[in-house]
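I set out to look up a few local features of this model. The entries follow in the order in which I took them.

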Amino acid sequence: MTENGAPDPETAAERKMRFLFALRSKGVTDTRVLAVMERVDRGQFVRGLFAERAYEDMPLPIACGQTISQPSVVGLMTQALNISPRDTVLEVGTGSGYQAAILAHLARRVYTVDRHRRLVREAQELFRELGLVNIVAMTSDGSFGLPDQAPFDRIIVTAAAEDPPGPLLAQLKIGGIMVVPVGQSDTVQHLIKVTRLESGYDYEELRPVRFVPLVEGISAD
Ligand code: SAH
């Protein structure tokens, strides 16, 4: 307590403890994922008005009318990918760059694409500042994947598709894993884990989620 009886402001260490506790209580238990999420400061990826809420387990608005995902959902998706240090990962939906930064600490190389040039540019600046040299970010319609860099060990889609996009399924290595929210926007979406088998694909439904929609084409901004 301070002299006037108000509670002490939370210290950075306490804030981090609370952040990690929220992740664990929502089912993020993989110690490598937790260690990386402890290291990557979400506060650096949220600008302006909402910056002070960066350590709460909620999605927040970013530029271009998009959102940075809820930390526990970032953790659960990352955990479901079961990334090894040799993996090449494709992320569709760079947004703030937060998810890509986490992937970059776990994988060999991360390709991340967004349909908004501004988001890609701002994320690239952050990656440079943070020394994350193994991320390649570009403006592109991610529903077609990145044929020139394919196939990928892991693919993560952070916008909701009506079905897992065919080109992304095709760009997954055998034994590879993709996580993608599937469903109509504004109705129930489910996080799906797709594993590519020798012949065909295995689909596992993980949990209900809510993401902004995957939209066709490059945006004007
Ligand atoms: N992973 C982000 C959150 C992404 S929000 C983070 O960590 O902050 C979803 C993003 O998907 C938005 O930035 C949106 O512009 C992008 N998006 C939607 N449709 C897309 C498409 N077809 N290709 C590439 N990006 C797309």
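I began with Ser69, which counts as buried because its relative accessibility is 18%, under the 20% cut-off. I note that the model is predicted. The "active site" annotation on Ser69 comes from an unreviewed UniProt entry. I located Ser69 in the loop between β2 (67-68) and α3 (71-81). Beyond neighbours within four places in sequence, I found Ser69 in contact with Arg42, Met58, Pro59, Val74 and Phe211.

I then turned to the ligand, which has 27 residues around it, the nearest being Ser96, Asp114, Asp141, Gly142 and Val215. For Asp141 the distance to a ligand nitrogen atom is 2.8 Å, and for Glu91 the distance to a ligand nitrogen atom is 3.0 Å. The ligand on its own has 580 Å² of accessible area, and the protein covers 99% of that area.

Most residues other than glycine have a negative phi, and most peptide bonds are trans. Cys64, not a glycine, has a positive phi of about 65°. I placed Cys64 in the loop between β1 (60-61) and β2, and Cys64 counts as buried because its relative accessibility is 19%. Asn82 also has a positive phi, near 45°; Asn82 sits in the loop between α3 and β3 (88-92). The peptide bond from Ala150 to Pro151 is cis, with omega near 0°, and Pro151 belongs to the loop between β5 (135-139) and β6 (152-157).

Terms used:
Residues numbered from 1 in each chain as written. Predicted model: local features only at pLDDT ≥ 70, side-chain atom pairs only at ≥ 80, totals over all residues. Heavy atoms only, no water. UniProt positions renumbered as here; feature names shortened; annotations may be inferred. Helix = DSSP H or I, 4+ residues; strand = E, 2+ residues; numbered from the N terminus. Buried < 20%, exposed > 50% of the residue type's maximum accessible area, 1.4 Å probe, protein only. Contact = heavy atoms within 4.5 Å. Near = heavy atom within 4 Å. Polar contact = N/O pair within 3.5 Å; in protein donor to acceptor, adjacent residues only side chain to side chain. Areas by Shrake-Rupley, 256 points an atom, 1.4 Å probe, with all protein chains shown as cover.
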